[in-house]
Amino acid sequence: MSSKILLTGAPGIGKTTAIRKVAEGLGARASGFYTEEMREGGRRVGFEIVTLDGRRAPLSHIGIPGKQRVGRYGVDTESMDSVAVPAIKRAIEEGHIVIIDEIGKMELFSHRFRQVVLKAFGSSSPVVAVIMAKPNPFADSLKERDDADLIELTHSNRDSVPAKIIEDILFFLRKP
């Protein structure tokens, strides 16, 4: 297995849950971010960036105006640039395992995010990232890399995949 792992799958299959389990299993060796739903009155109103060191910022929200939208959500690229991008940069600089949830439509509105993702994939740091399943030139270029393994999360494998990724990353780190 490669040191660059991409998780993909249908919406709602458990990709964020899987990457959070990977991050928890790797502990202090991992840095980066995951996303979390924002809910008000029992309904989803957006998504929040949560770094592994505890910073939070809005990624998208139904109340954010502007042209950068995915469905009913306006996207906050400033949060991507000021919270998610530095979390990935720190992971690379500190030689940590880079956790990225996710390389998707919302995140790709940020040019700085695209740049730091390419930097992570060009680094010696292991990367575990969730990536959109639908075609997208940037995402597709990552999926086609020879040094990256693409894993499709399904109902039948979603419980076992996180442990396998942790095992493979730790094995990779032990190699001389």
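Trainee: So two strands pair if DSSP finds at least two bridges between them. Which residue of β8 stands opposite Leu6?

Mentor: Ala129 stands opposite Leu6. Keep in mind that this is a predicted model.

Trainee: OK. How many bridges join β1 and β8?

Mentor: There are 4 bridges between strand β1, residues 4-8, and β8. The two strands pair in the parallel sense. Leu7 has Val130 of β8 as its bridge partner.

Trainee: And β7 with β8: parallel or antiparallel?

Mentor: Parallel, with 5 bridges joining β8 to strand β7, residues 97-103. Ile100 has Ala129 of β8 as its bridge partner.

Trainee: What holds paired strands together in general?

Mentor: Backbone hydrogen bonds do that, in parallel or antiparallel pairing.

Trainee: Why is β8 called largely enclosed?

Mentor: Because 5 of the 5 residues of β8, residues 127-131, are buried, the rest of the structure largely encloses this strand. Buried here means under 20% relative accessible area.

Trainee: Which way do the β8 residues point?

Mentor: Val127, Ala129 and Ile131 point one way. Val128 and Val130 point the other way. Both groups are buried. In a regular strand, side chains alternate between the two faces of the sheet.

Trainee: Zoom out. What is the strand order in the sheet?

Mentor: The order is β5-β6-β4-β3-β2-β7-β8-β1-β9. That makes 9 strands in an open sheet with mixed pairing.

Trainee: Which strands are at the edges?

Mentor: β5 (69-70) and β9 (148-152) are the edge strands, and each pairs on one side only.

Trainee: Helices next. Where does α1 lie?

Mentor: Helix α1, residues 15-26, lies across β1, β2, β7 and β8. It runs at about 170° to β7.

Trainee: And which strands does α3 touch?

Mentor: α3 packs on the sheet and touches β1, β2, β7, β8 and β9. Its direction makes about 140° with that of β7. α3 also belongs to a right-handed β-α-β unit with β7 and β8.

Trainee: New topic. How many aromatic pairs are there?

Mentor: The search of the whole structure finds 2. One is Phe33 with Phe113, edge-to-face, 6.3 Å centre to centre and 70° between the planes. This pair links strand β2, which holds Phe33, to helix α3, which holds Phe113, 80 residues apart.

Trainee: Are Phe33 and Phe113 buried or exposed?

Mentor: Both are buried.

Trainee: What about Phe47 and Tyr73?

Mentor: They form an edge-to-face pair too, 5.6 Å centre to centre with 70° between the planes. Phe47 sits in strand β3 and Tyr73 in strand β6, 26 residues apart. Phe47 and Tyr73 are buried.

Conventions: Residues are numbered from 1 along each chain as its sequence is written. Side-chain values use heavy atoms; hydrogens and water are left out. Rings of Phe, Tyr and Trp (its six-membered ring) pair if their centres lie within 6.5 Å; planes under 30 degrees apart count as stacked, over 60 as edge-to-face and the rest as tilted. Buried means under 20% relative accessible area, exposed over 50%, partly exposed in between (1.4 Å probe, protein chains only). A crossover is right-handed if, with the strands pointing away from the viewer, the path from the first strand over the helix to the second runs clockwise. Contact means heavy atoms within 4.5 Å. Axes are lines fitted to C-alpha atoms, for helices over the stretch in contact, and angles run from 0 to 180 degrees between N-to-C directions.
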